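Please take a moment with the sequence and the model before reading on, and then follow the chain from its start.

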Amino acid sequence: MSESDWDTVTVLRKKAPKAATLKTESAINKARRQGIPVETTQKFNAGTNKQHVATKNTAKLDRETDELRHKTLAPSVAKLIMQGRQAKGLSQKDLATQICEKPQIVNDYEAGRGIPNNLILGKIERIIGIKLRGKDIGTPMLPPGKK
């Protein structure tokens, strides 16, 4: 028992401060008063409320001469959709419900404003019975299995 360390003292310390508390203004000022070197850097666009800032590519876009826009449906295809729908005695809304799309999409396709989508064109082809894609546009579609 003579070897027991009664003279050794264990000191429990507080946990090291978290990064968030080290970044506060008071913690920075305290470090400056103590003479500890403090490095502060401002983040890019920090403290500004600019959400839509012009990027470096603006000049490149200004020099661009091509008119970039989506390809729209050909007027001949739009006319075929309208004629086929009317031949079947369907309204735009009826055609839209049969192809499980909104009436606005059928309206856009018939006006030639729609962006061509093969899935939608395929559905319209099946309902009106006229080919709208490929080489033989405008020819009546044959029932499945007969060619």
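**Helices and their packing**

Read from the N terminus, the elements of the protein run α-α-α-α-α-α-α, and helices here are DSSP runs of H or I with at least four residues, whereas strands would be runs of E with at least two. The protein has 7 helices and 0 strands. This is a predicted model, in which local features need pLDDT of at least 70 and side-chain atom pairs count only at pLDDT 80 or more, while totals for chains, interfaces and linings use all residues. Residues are numbered from 1 along each chain as its sequence is written, and side-chain values use heavy atoms, with hydrogens and water left out.

Of the 147 residues of the protein, 18% count as buried, that is, under 20% relative accessible area with a 1.4 Å probe, protein chains only. The buried residues of α7 are Ile-120, Leu-121, Gly-122, Ile-124, Glu-125 and Ile-128, and their cover includes α4, α5 (92–98) and α6 (103–111).

Helix α4 (residues 75–87) packs against helix α7 (residues 118–128) at an angle of about 35°, with axes 9 Å apart, where axes are lines fitted to C-alpha atoms over the stretch in contact and angles run from 0 to 180 degrees between N-to-C directions. In this contact (heavy atoms within 4.5 Å), Leu-80, Ile-81, Gly-84 and Arg-85 of α4 meet Leu-121, Ile-124 and Ile-128 of α7. An α-helix has 3.6 residues a turn, so residues three or four places apart point the same way.

Just after α7, Gly-129 takes a positive phi of about 75°.

Technical notes:
Buried < 20%, exposed > 50% of the residue type's maximum accessible area, 1.4 Å probe, protein only.
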